[in-house]
There are 2 protein chains.
Amino acid sequence: MNQAARVQRGKPTIRDVARAAGVSAATVSRVINHEAGASPSIRTRVHAVAAELGYQPSAIARALATGRTRTIEVIVTESCTGWLGAHPHYGRVLAGAMSALEGTDTQLRIHSLTPDRAAAAIDALAADATVGALLANVTPELATRYYLRCRRVISLVPTAPAVPALEVDNVAAVRIAVAHLHRLGRRRIAAIHGPVGNSCAAQRRDGYRSAIAHFGLPELSAEGGFNREGGHDAARELLRRHPEIDAMFVACDLMAAGAVQAITAGGRRVPEDVAVVGFDDSIAAICANPPLTTMRLPVEQMAADATRILMDGDPEFGFRRFYPVDLVLRESAPDFSPARLSRGAGSGAESDSQRSATAPPSRESTP
Amino acid sequence: MNQAARVQRGKPTIRDVARAAGVSAATVSRVINHEAGASPSIRTRVHAVAAELGYQPSAIARALATGRTRTIEVIVTESCTGWLGAHPHYGRVLAGAMSALEGTDTQLRIHSLTPDRAAAAIDALAADATVGALLANVTPELATRYYLRCRRVISLVPTAPAVPALEVDNVAAVRIAVAHLHRLGRRRIAAIHGPVGNSCAAQRRDGYRSAIAHFGLPELSAEGGFNREGGHDAARELLRRHPEIDAMFVACDLMAAGAVQAITAGGRRVPEDVAVVGFDDSIAAICANPPLTTMRLPVEQMAADATRILMDGDPEFGFRRFYPVDLVLRESAPDFSPARLSRGAGSGAESDSQRSATAPPSRESTP
DNA sequence: TCTTCACCTGAAACCGCTTTCGCTTCTAGC
DNA sequence: GCTAGAAGCGAAAGCGGTTTCAGGTGAAGA
């Protein structure tokens, strides 16, 4: 098929350009790739011929010769139906990574690893000479496996200690959220956690418990899937069991949107009767009604930084970097001062967000 | 760097395996790639050696030799910040495409083409020997350009006549939406359109106008960006100018979520005072409060079908295929019969959706 | 005027895999 | 027992680039 491949595509190769320009392939390569190394007259001639022939260098051949593909892999160990379409978080990850790639010739490839084929897929991926991999949601075992084979990898969720990662301090973030509700005078602050087993969910639950303990309040917890239904059902159940609840912290905006629906459907008002704070600041937060006060995760920023670190390296970066989390005030739990509450505007993440003074500082750590 | 590339990576090649197994590279290749063409004893030996050495075939070298990369390109002519993170639609496209790729060794690559570099990028992409390209949101000019260079491409939005596309009949879909509001007894049905210039937005506007004319109702239109703010501001303005409005059709769920916020913030109830029908059935529809009645677009299905057509071909497929659109009933505009309205449940797209009898049939066309 | 050195340039050797082509060996049929 | 035919296998020629290495030219310095 070698022959066939060439014939069927019929695209001009570097040797065609060389022949037409009366130079060698080596010279064409130099003209195209390097600033120096060829005389001006030849440069212009080669460029002219290449343009005339419509020559496009083959990314594949180039990759084979240089030993580097211009791709960054985004990996999730989950069946694709569960995340990309269902959770706004991953769109933000991709958008952040792409923004760092703008103007580069590097591409983004996305991989959904089903459990049964995950290990083999990880091995195959690590064998590709890629720029690196972004682990958007990969189990610690598989993250370690990839790291051992390839190194060039950064996780965007809490992971095994050996694997480089960009993280947020979930515990501190939830403390800020609960402290905000407490400052509003709420004393029956419930929490809806994500599924146990998910490391982020676990950290956020720990944050809630520590905050509740700190304020001497009763723990009122429920658990649900990281989706609207999870939040909706958990909130309804919580209110049924504990009608005295006057505030809720919900571990993700998608769940929080569902919780708000359950609360208002039950005849209570948000935020007057029950104040709600979400987590993420995703699209779900601004689509909810009322719009959600939430902890903003700098997901795009993290993905962009991770991408840049993979591409260019970063002497400042050790194995861990923590990002600050902002409390974004909207109507589901507006600030104490009524003056700050612009009922009906609904959002404007820029204008009404405030960087919490108690957010953990961005810090580095190297094991 | 040829030398360097090999040394630095130090991964076993097919020749290493061949040497260790005492056979030729050709034989190893045959064992790995084809069912027949090698004796059983050699097969097992080669597999054993490959496993022992941790041999992983190089996708790049393979692509160069065969003339085919195992990638499908997803292309949008827009800066990435504007779509991936901001609009749930694109996550659904990716999820649909990925689901068709599950179990395959084909990958998804995503490309955000900024206007200034779009033409050059299209040329470079078309030169790659990919399986094909999914045009998620590409201008007709660039779509045509790609098609002329590469053929293997399918658009997921209305595009130039020469380019293959999977589409929904937006006009018919909006007629269904407006007819539903009319059936509920609403006679002041306003519309919030997407930005003019967008072909989908234009088609949906046409659908609204034709439906309104059909029922002999007054046209009450506003326009906004395809985002929450666009819907919110347009709805507020519409209600200010036309307080008599008792229903709204909104061209996308994200906008509709904003519209619902504006309506309730203005002191009116949804759906009692103003019924709302959105478009897409994206996450925004189920996060809104109340959840949105909306026109469900089979986006995942379309993306999956397009992917399969690119991979395997489809003798049934000509140049155009139209997909049916479903009316999904939720609380923002529940069905006429009160019995169908389960206040508080909020959704369950599966259970309470109904395939509209007036939806256009799926049809094929070849120019 | 002769050397030295810098700078271009082309030939050739890869990068790692696939596939063709031809040789050898084995099986089956007469 | 001999001949066809099939099947297994290896050598070698690509796929389309990049990079090394060596040769050739011209300018600068002695």
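**Loops and backbone angles**

Biologist: Where does Asp281(A) lie?
Modeller: Asp281(A) lies in the loop between S9 and helix H13 (283-287) of chain A, where helices (H or I, at least four residues) and strands (E, at least two) are DSSP runs numbered from the N terminus. This is a predicted model, in which local features need pLDDT of at least 70 and side-chain atom pairs count only at pLDDT 80 or more, whereas totals for chains, interfaces and linings use all residues. Residues are numbered from 1 along each chain as its sequence is written, chains are lettered from A and ligands numbered from 1 in the order in which they are written, and side-chain values use heavy atoms, with hydrogens and water left out.

Biologist: And what is its phi, given that Asp281(A) is not a glycine?
Modeller: Asp281(A) has a positive phi of about 60°, and Asp281(A) is buried, with a relative accessible area of 6%; buried means under 20%, exposed over 50% and partly exposed in between (1.4 Å probe, protein chains only).

Biologist: What about Arg151(A), which is not a glycine either?
Modeller: Arg151(A) has a positive phi of about 75° and belongs to the loop between helix H8 (140-150) and strand S4 (153-155) of chain A. With 46% relative accessibility, Arg151(A) counts as partly exposed.

Biologist: Where is the cis peptide bond that involves Pro271(A)?
Modeller: That cis bond runs from Val270(A) to Pro271(A), with omega near 10°, and Pro271(A) is placed in the loop between H12 and S9 of chain A. In chain B, a cis peptide bond with omega of about 0° joins Asn289(B) and Pro290(B); Pro290(B) sits in the loop between helix H13 (283-287) and S10 of chain B.

**Strands**

Biologist: Changing topic: is strand S9 of chain B buried or exposed?
Modeller: Six of the six residues of S9(B) (residues 275-280) are buried, so this strand is largely enclosed by the rest of the structure.

Biologist: Which strands pair with S9(B)?
Modeller: Strand S8 (residues 247-250) of chain B pairs with S9(B) in the parallel sense over three bridges, where pairing requires that DSSP finds at least two bridges between the strands, and Met248(B) has Val276(B) as its bridge partner. Strand S10 (residues 293-296) of chain B also pairs with S9(B) in the parallel sense, over four bridges, with Asp280(B) bridged to Arg296(B).

Biologist: What surrounds Arg296(B)?
Modeller: Leaving aside neighbours within four places in sequence, Arg296(B) is in contact (heavy atoms within 4.5 Å) with residues including Arg92(B), Asp280(B), Asp281(B) and Asp326(B). The C-alpha atoms of Arg296(B) and Leu327(B), 31 residues apart along the chain, are separated by 6.1 Å, and Arg296(B) counts as partly exposed, at 28% relative accessibility.

Biologist: In chain A, what does S10(A) pair with?
Modeller: S10(A) (residues 293-296) pairs with S9(A) (residues 275-280) in the parallel sense over four bridges, and Gly278(A) stands opposite Thr294(A) there. S10(A) is also joined by three bridges to strand S12 (residues 326-328) of chain A, the two running antiparallel, with Asp326(A) as the bridge partner of Arg296(A).

Biologist: And Ala191(B), buried or exposed?
Modeller: Ala191(B), in strand S6 (residues 189-193) of chain B, is buried, with a relative accessible area of 0%. Leaving aside neighbours within four places in sequence, its contacts include Tyr208(B), Leu220(B), Leu238(B) and Phe249(B).

**Helix packing**

Biologist: Back to chain A: how do H9(A) and H10(A) cross?
Modeller: The axes of H9(A) (residues 170-183) and H10(A) (residues 199-215) come within 7 Å and cross at roughly 45°; axes are lines fitted to C-alpha atoms, for helices over the stretch in contact, with angles from 0 to 180 degrees between N-to-C directions. H9(A) and H10(A) are therefore oblique to each other (under 35 degrees counts as roughly parallel, over 145 as roughly antiparallel, 65 to 115 as roughly perpendicular and the rest as oblique). Among the residues that meet are Val174(A) and Val178(A) in H9(A) and Tyr208(A) and Ala211(A) in H10(A).

Biologist: How about H11(A) and H12(A)?
Modeller: The axes of H11(A) (residues 228-241) and H12(A) (residues 253-265) come within 6 Å and cross at roughly 40°, and H11(A) and H12(A) are therefore oblique to each other. The residues that meet include Ala235(A) and Leu239(A) in H11(A) and Leu254(A) and Ala259(A) in H12(A).
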